Amino acid sequence: MSETTTAKPDEPRSGGIARIVGASLIGTTVEWYDFFLYGSAAALVFNTLFFPSSDPLVGTLLAFMTYAIGFLARPIGGMVFGHYGDKIGRKKLLVLSLLLMGGATFAMGLLPTYGTIGVGAPILLTVLRLIQGFALGGEWGGAVLIVSEHGGEKHRGFWASWPQCGVPAGNLLATAVLALLATIQSEETFLSWGWRIPFLLSGVLVVVGLWIRISVSESPVFLAARAKAEADAAKGVKDEAPVIEVFRRSWREVLGAIGVRFGENISYYIVTSFLLVYVTTHLELPKSTALNAVLIASAVHFITIPLWGALSDRIGRRPVTLIGAVGMAAWIFAFFSMVDTKSFTVITLSVTVGLLLHGAMYGPQAAFVSEMFDTKVRYSGASVGSQLASIVAGALAPIIAVELLRRYDSWTPIAVYVCASAVITAITVLVIKETRGRDLTVPLAGSTPEQQRQEAPVASTDRV
């Protein structure tokens, strides 16, 4: 079959859907390893080595500000990668995003600290963080789309949820490396040079990720859409740039994607990244307590995300997302109460349940957001919507949480903040339409009345 021939999305090529999923998962794991490594280092290392201050929370706040800068670059990356991903293909842009992310992370491991070159150290760190954010802005949309567009509509929620597992897998890998180093090294050794090892390891991971990712084929849904666009262009029909078309015709879907990600994004960074600050600075416990708790919880998170995705194939994207949003709104208060016990077992349980509920929002999300947009603007729409959410949600979450803790010396305002974000996601999900069972080859404007209903019915043959 030639690459310009229309292929049904339930007829994956190049070794089958499992190979496509594997390529997306390894790439997202490497990129999220890089991204979360920075978040963990911001809480444990960068606050003293790059932003020295007499007040530990102030140094941490400055470190998290550079953490947030990475998020600010993500929508730009989403628009650039989305535009070219919709024009020339998903695969090429996924390879580029992996190279950029891995290169920036490897370079961080070579950076001199503030004590060596002064203010130049945080400036260089910030520049590399911007490159990280730019690359990650294009990664998520491409990784989930190439799986969504290869997989059939019956099991799309399950298959598309696997690239989502790259988040806990990357966090698991980053946390495991840091936890191991914290165990075998003294505090002085770790702060002197040990922290560089996880960043330098990124170079090896990138090589493995590229080798796997280059081997997969382009999305058949995209190839069919590109062939049609080329045929239309030959007839004199001109399309607008995908990003412009998204904002002109699909702005409601962009807002829907932002709302769906809002509570999920905030809750994740509070339960993982901010936990490191809260446990080490506020409760004055060893950093290994938080690292090991996140390590165990991330393993459970990894296993359960595809299960939530599969459940969304049965009962719909909206109900599963609501389970996570409503559950998180209630659980966050118990989460902090349990962390305050200072018991490692109880802290681990609180993080595990928190990530389990997060998974209910995150598992169906890849298929949910992909199904909101037409093929010719899907990369742009999914990337822009998801990355704009990252600015207003994930980028600010650790900063807001640290500032609330510094000002009120209590977790209650932080829990209210997370609860409110989860409520916003719940309201969004109640307002937007169900997308389960949508044929990605059919433009939204040409969908059947059934596909436009609030609850799109799916034939019994489409059930898992």
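Visitor: Why is the contact between E403 and R406 called a salt bridge?

Guide: A salt bridge is a side-chain nitrogen of Lys or Arg within 4 Å of a carboxyl oxygen of Asp or Glu. The closest N and O atoms of E403 and R406 are 2.8 Å apart, so the pair meets the definition. The model is predicted: local features need pLDDT of at least 70, side-chain atom pairs count only at pLDDT 80 or more, and totals for chains, interfaces and linings use all residues. Residues are numbered from 1 along each chain as its sequence is written, and side-chain values use heavy atoms, with hydrogens and water left out.

Visitor: How do you know that E403 and R406 are separated by about one helical turn?

Guide: Both belong to helix α18 (residues 397–408) and are 3 residues apart. Helices here are DSSP runs (H or I, at least four residues; strands are E, at least two), numbered from the N terminus.

Visitor: Why is R407 called exposed, while R406 counts as partly exposed?

Guide: Buried means under 20% relative accessible area, exposed over 50%, and partly exposed in between (1.4 Å probe, protein chains only). R407 has 57% and is therefore exposed; R406 has 43% and is therefore partly exposed.

Visitor: Which residues do salt bridges that share partners join into one network?

Guide: R156, D313, R317 and E371 are joined in this way. One of the bridges in the structure is between R317 and D313, with the closest N and O atoms 2.9 Å apart. R317 is buried because its relative accessibility is 0%, and D313 is buried because its relative accessible area is 2%. A search of the whole structure finds 5 salt bridges.

Visitor: How many aromatic pairs does a search of the whole structure find?

Guide: The search finds 10. F274 and Y278 form one that is tilted, 6.1 Å centre to centre with 45 degrees between the planes.

Visitor: Why is the pair of F274 and Y278 called tilted?

Guide: Rings of Phe, Tyr and Trp (its six-membered ring) pair if their centres lie within 6.5 Å; planes under 30 degrees apart count as stacked, over 60 as edge-to-face and the rest as tilted. At 6.1 Å and 45 degrees, the pair therefore falls in the remaining class, tilted. F274 and Y278 are 4 residues apart in helix α12 (residues 251–282), about one helical turn. F274 is buried because its relative accessible area is 1%, and Y278 is buried with 1%. Together with F335, F336 and W411 they form one aromatic cluster.

Visitor: What makes phi of K342 worth a mention?

Guide: Most residues other than glycine have a negative phi. K342 is not a glycine, yet its phi is positive, about 65 degrees. K342 is found in the loop between α14 (317–339) and α15 (344–362) and counts as partly exposed because its relative accessibility is 45%. D409 also has a positive phi, near 50 degrees, and is a residue other than glycine. The place of D409 is the loop between α18 and α19 (412–431), and D409 is exposed because its relative accessibility is 54%.
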